[in-house]
Amino acid sequence: YRSGETIVAEGEEGDRFYLIVRGKVDVVQRAPDGSERVLHTMTDGDHFGEIAIVEQVPRTATVRARSQTICLGLSREAFSRQLVGEMTSRPS
C-alpha cells in the first residue's frame, strides 16, 4: 500500500485479517462532526481486522498506510480455520 492509501474503511464488511510485514499504518475513527482522530499507529509485526471477523460486525475503524506498507491478509474463512485448528490442537 502507498502512503495515504486506505487499507480498510470504517463501516465496511470485515472480510480479511491483516498482518503488517513492513511499514506503518494509522488506525483512525471518524467523529460525528466528520473529523478524524488517530487512535493508534501500528508497524512491523502488528495486526488488525480480527474484531470485524470474530464478532461479525462492520469495521470499527479505518486503517490507512502512513508509509509504504506491505501486509499479508487472511480471508475470513482462512482465519476461522486457523482459529478452530488452534483451539482443537491444544491439550486438554
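These legends go with a few close-up views of a predicted model. Local features need pLDDT of at least 70 and side-chain atom pairs count only at pLDDT 80 or more, while totals for chains, interfaces and linings use all residues. Residues are numbered from 1 along each chain as its sequence is written, and side-chain values use heavy atoms, with hydrogens and water left out.

**View 1. Met42 and the largest nonpolar core.** Twelve residues make up this core, among them Ile20, Val25, Val27, Met42 and Phe48; a core here is a set of buried Ala, Val, Leu, Ile, Met, Phe, Trp, Tyr and Cys residues joined through side-chain atoms within 4.5 Å. Buried means under 20% relative accessible area, exposed over 50%, and partly exposed in between (1.4 Å probe, protein chains only). Beyond its neighbours within four places in sequence, Met42 is in contact (heavy atoms within 4.5 Å) with residues including Gly23, Lys24 and His47.

**View 2. Arg59 pairs with Asp15.** Their side chains form a salt bridge at 3.7 Å, N to O; the term takes a side-chain nitrogen of Lys or Arg within 4 Å of a carboxyl oxygen of Asp or Glu. Arg59 is buried at 6% relative accessibility, whereas Asp15 is partly exposed at 39%.

**View 3. Glu36 meets Arg64.** This salt bridge spans 3.0 Å from N to O. Glu36 sits in strand β4 (residues 36–43) and Arg64 in strand β6, so the pair ties together parts 28 residues apart in sequence; strands (E, at least two residues) are DSSP runs, numbered from the N terminus. Shared partners join Arg30, Glu36 and Arg64 into one salt-bridge network.

Note on methods. Helices (H or I, at least four residues) and strands (E, at least two) are DSSP runs, numbered from the N terminus.
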